Amino acid sequence: MTQRYAVVLAAGQGSRMKSKLYKVLHPVAGKPMVGHVIEQVEATGASKIVTIVGFGAEKVKDYLGDRTNYAVQEEQLGTGHAVIQAETHLKNKDGITLVICGDTPLLSAETLNNLFDYHQKKGAKATILTAHAQDPTGYGRVIRNEENYVEKIVEQKDANDTEKLVQEVNTGTYCFDNKLLFETLSQVGNENSQGEYYLPDVIEILKNQNEIVDAYIMTSENEGMGVNDRVALAEASRLMRRRINTMHMQNGVTLIDPMTTYIDSDVTIGSDTIIEPNVTLKGKTIIGEDCFVGAHSEIVNGTIGDGVRVTNSSIKDSVMEKDSNIGPYSHLRPNSHIGESVHIGNFVEIKNATIGKTSKVGHLTYVGDADLGENINIGCGTIFVNYDGKNKFRTTVGNNVFIGCNANLIAPLTIEENVYIAAGSTITKDVPTQAMAIARARQENKLEYYNKLPH
Ligand code: UD1
Ligand code: MG
């Protein structure tokens with residue numbers, strides 16, 4: 001089989017983004033644009049991927065790691081100049097090289113494979129991936145001759161009025177005969193309105209050498225969109241969301257309103273789960289089957305077991321085991337582990353804590369830095385007092401403990417299993433098993449006192 005290689009262009013600063021973050025690291029559906037590109041390129045079976053880095057090189061390398069080789073483009077002199085930097089990795093190799101930009105996050109492996117196949121079938125030396133754009137502004141235009149053969153690509157800034165009317169645009173993605181690509185790049189000049197070495201000029205040079213150049217026209221206009229500014233970023237995010245949501249619905253997930261459901265690309269969801277409007281699922285969130293995620297919930301890197309109900313709550317870096325439930329208006333902060341069939345009610349905050357199965361934390365409670373056993377009942381308004389202003393301390397509560405309402409548990413503290421804590425107690429000492437702890441002032445009834453007070 002013909003070898004496939006890929007060059008990913010990611011050295012530009014992306015000045016039109018007006019951002020401190022390098023363009024290709026801007027996320028679309030929770031993943032940097034260049035991450036989407038590399039993922040799809042990997043799926044084409046490319047045996048060697050070279051990413052061209054320049055601006056923000058270290059940040060891009062940190063993110064992509066060893067999934068790709070790197071070549072540094074010290075000065076951003078244009079896309080043609082960028083590809084030349086890959087020469088040391090690819091020169092003299094037989095095969096086909098895909099060149100793709102780091103700012104086209106919507107291109108799918110399927111389209112890239114179609115491009116490879118078309119290129120090979122046509123015996124072409126260069127094939128451009130093109131699309132028909134309603135509004136071609138900003139893109140390079142594909143100029144064809146009277147016989148409809150591709151002649152060249154003209155950039156927006158260099159195009160004359162007739163050329164500007166052309167709606168077939170260059171997506172910035174190409175297949176090239178690898179050896180010929182590097183031979184030709186050295187002939188590319190920079191006499192154009194931007195003074196840059198344009199990769200698309202390779203097309204005209206090859207054409208003039210009577211090599212076969214062709215264009216594979218994509219059916220979807222949107223997939224080839226390049227993100228150069230924040231307006232395009234929002235549009236790409238919208239399209240990516242629609243793609244992700246469609247995939248989940250096809251897998252058996254009910255989205256009540258897909259238009260207002262925000263799911264990052266790496267999230268997984270089991271079948272028969274129902275997701276209400278204005279839900280955001282981010283990062284590496286995993287949701288099981290038969291769950292309910294109610295309106296306005298946000299889950300970031302959550303692991304949610306089967307049959308869990310989340311009602312209008314926030315969950316971050318935490319686990320909820322099967323058949324547990326939370327909300328409305330509750331908050332799992334990082335490192336919380338909620339056991340099977342646990343009930344977390346409303347206005348509850350949990351941080352860095354484990355809660356054993358069938359325990360209940362129903363209302364208005366803070367559980368911070370604690371390890372709770374099974375079958376515990378935490379009364380309304382209980383506070384795990386974990387912080388003395390300088391340090392944090394943990395509390396341990398054994399199985400079958402009943403904590404009355406409005407208790408303060410001052411850490412560090414161990415409450416052994418089978419214990420009662422009386423409502424309103426401020427507990428400062430460990431409680432042994434089988435005990436009932438009560439720590440509050442005794443009540444005194446001052447009889448006949450009512451009439452002594454002004455009213
Ligand atoms: C480019 C194409 C244009 C095409 C459009 C598709 C050129 C000259 N133009 O224009 O025909 O319609 O993409 O989206 O190629 N980069 C480098 N080094 C550089 C310059 C750019 O690595 O010196 C990288 C950028 O990081 C980016 C990609 O190349 O990922 C494309 O550069 P960009 O400036 O976005 O080109 P466009 O103006 O969009
Ligand atoms: Mg671009």
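In this predicted model, helix 7 (residues 178–185) is mostly covered, with six of its eight residues buried. The buried set consists of N178, L180, L181, F182, T184 and L185. These residues pack against several elements. Among the helices they meet are helix 3 (79–84), helix 4 (87–90) and helix 8 (201–208). Their strand partners are strand 1 (4–10), strand 6 and strand 10. The N-terminal end of helix 7 is capped by D177. A side-chain oxygen of D177 lies 3.3 Å from the backbone nitrogen of K179.

Strand 10 spans residues 168–177 and includes T173. T173 is buried, at 0% relative accessibility. Its side chain makes a polar contact of 3.3 Å with the side chain of T171.

Ligand 1 is surrounded by 25 residues. The closest are G12, Q73, T79, E155 and N170. Backbone atoms approach its oxygen atoms at several points. For N170, a backbone N or O atom lies 2.6 Å from an oxygen atom of ligand 1. For G78, the distance from a polar backbone atom to a ligand oxygen is 2.8 Å. For L77, the corresponding distance is 3.4 Å. On its own, ligand 1 has 750 Å² of accessible area, and the protein covers 91% of it.

Ligand 2 is a magnesium ion. Its protein donors are D103, through OD, and N228, through OD1. Both lie 2.3 Å from the ion. D103 sits in the loop between strand 6 (96–101) and helix 5 (109–121). N228 sits in the loop between strand 11 (213–217) and helix 9 (230–250). The pair therefore ties together parts that are 125 residues apart in sequence.

At the level of the whole protein, the domain assignment gives domain 1 (4–224) and domain 2 (313–437). The centres of domain 1 and domain 2, taken over C-alpha atoms, are separated by 56 Å.

Key:
Residues are numbered from 1 along each chain as its sequence is written. Chains are lettered from A and ligands numbered from 1 in the order in which they are written. This is a predicted model: local features need pLDDT of at least 70, side-chain atom pairs count only at pLDDT 80 or more; totals for chains, interfaces and linings use all residues. Side-chain values use heavy atoms; hydrogens and water are left out. Donors are N, O and S atoms within 2.8 Å of the metal (3.2 Å for Na, K and Ca); water is not among the atoms, so sites may look incomplete. Helices (H or I, at least four residues) and strands (E, at least two) are DSSP runs, numbered from the N terminus. Domain bounds come from an automatic or database domain assignment. A residue is near a molecule or strand if one of its heavy atoms lies within 4 Å of it. A polar contact is a pair of N or O atoms within 3.5 Å; within protein, one must be able to donate a hydrogen and the other to accept it, and residues adjacent in sequence count only if both atoms are side-chain atoms. Accessible areas come from the Shrake-Rupley method with a 1.4 Å probe; for residues, only the protein chains shown count as cover. Buried means under 20% relative accessible area, exposed over 50%, partly exposed in between (1.4 Å probe, protein chains only). Contact means heavy atoms within 4.5 Å.
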